[in-house]
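Below are some exercises, each with a worked solution to follow step by step.

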Amino acid sequence: RKARELLLQSGAEVFERDFFKETFSEDELREMIAMVGVDQIFARRSPSLKQMGLDGKELSEDEIVRLMLQEPKLVRRPIMRVGNQIFVGGASSAVSAAITAVG
């Protein structure tokens, strides 16, 4: 929510998507991974990963994509797309970078 408010204040046009209701397709996930890397998108510290018994396990990119398709909580959020750039996470650095890209 804070990221959204800061982007709106910067003059950005914001479209929200609840990807728990409108899940990502495999193509969308793979496109984002190609842009920022799997480690930026995959929520390795998610309690869901621990509940699946996969915490600390070595996973291939294909396994990670399959898991994110199966469990949207494994996708880090927020994901902010500005033009052809992707910014992931609510850290101030990611939000600042997204705001700079808007300007």
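**Exercise 1. Count the salt bridges, then trace those made by Arg 30.**

Start with the total: searching the whole structure turns up seven salt bridges, a salt bridge being a side-chain nitrogen of Lys or Arg within 4 Å of a carboxyl oxygen of Asp or Glu. Before going on, note that this is a predicted model, where local features need pLDDT of at least 70 and side-chain atom pairs count only at pLDDT 80 or more, while totals for chains, interfaces and linings use all residues. Residues are numbered from 1 along each chain as its sequence is written, and side-chain values use heavy atoms, with hydrogens and water left out.

Step 1. Go to Arg 30 and look for Glu 26: the two form a salt bridge, with their closest N and O atoms 2.9 Å apart. Both sit in helix α2, four residues apart, or about one turn of the helix. Helices here are DSSP runs of H or I with at least four residues, strands are runs of E with at least two, and both are numbered from the N terminus.

Step 2. Now find the other partner, Glu 61, whose salt bridge with Arg 30 has its closest N and O atoms 3.8 Å apart. Glu 61 is in helix α5 and Arg 30 in helix α2, so this pair ties together parts 31 residues apart in sequence.

Step 3. Check accessibility, where buried means under 20% relative accessible area, exposed over 50%, and partly exposed in between (1.4 Å probe, protein chains only). Arg 30 is partly exposed at 27%, Glu 26 is partly exposed at 38%, and Glu 61 is partly exposed at 38%.

**Exercise 2. Which parts does the salt bridge between Glu 31 and Arg 81 tie together?**

Step 1. Confirm the pair: the side chains of Glu 31 and Arg 81 meet at 3.0 Å, N to O.

Step 2. Place each end. Glu 31 belongs to helix α2 and Arg 81 to strand β1, so the bridge ties together parts 50 residues apart in sequence.

Step 3. Glu 31 is partly exposed at 37%, and Arg 81 is partly exposed at 45%.

**Exercise 3. Work out what builds the largest nonpolar core.**

Step 1. The largest one has 18 residues, and Leu 29, Ile 41, Phe 42, Met 68 and Val 75 touch the most other members. Two or more residues each come from α2 (26–36), α3, α5 and β2 (85–88). The top contributor is α5, with four residues.

Step 2. Zoom in on Phe 42. Not counting residues up to four places away in sequence, Phe 42 touches Leu 49, Leu 59, Ile 64, Met 68, Leu 74 and Arg 76, with contact meaning heavy atoms within 4.5 Å.

**Exercise 4. Is Ser 46 buried or exposed?**

Step 1. Locate Ser 46 in the loop between α3 (38–41) and α4 (47–51).

Step 2. Read its relative accessible area: at 7%, Ser 46 is buried.

Step 3. List its contacts, leaving aside neighbours within four places in sequence: Lys 73 and Leu 74.

**Exercise 5. Find the cis peptide bond.**

Step 1. The bond joins Arg 77 and Pro 78, with omega at about -5°.

Step 2. Pro 78 lies in the loop between α5 (61–70) and β1 (79–82).

Step 3. Pro 78 also turns up in the largest pocket: of the 32 lining residues there, Phe 15, Glu 16, Pro 78, Ile 79 and Met 80 are the closest to its centre. At least two lining residues each come from α1 (2–9), α2, β1 and α6 (92–102).

Terms used. Core = buried A, V, L, I, M, F, W, Y, C linked by side-chain atoms within 4.5 Å. 1 Å grid on protein atoms, 1.4 Å probe; cavity = no way out; pocket = protein on both sides within 12 Å on 5 of 7 lines; lining within 4 Å.
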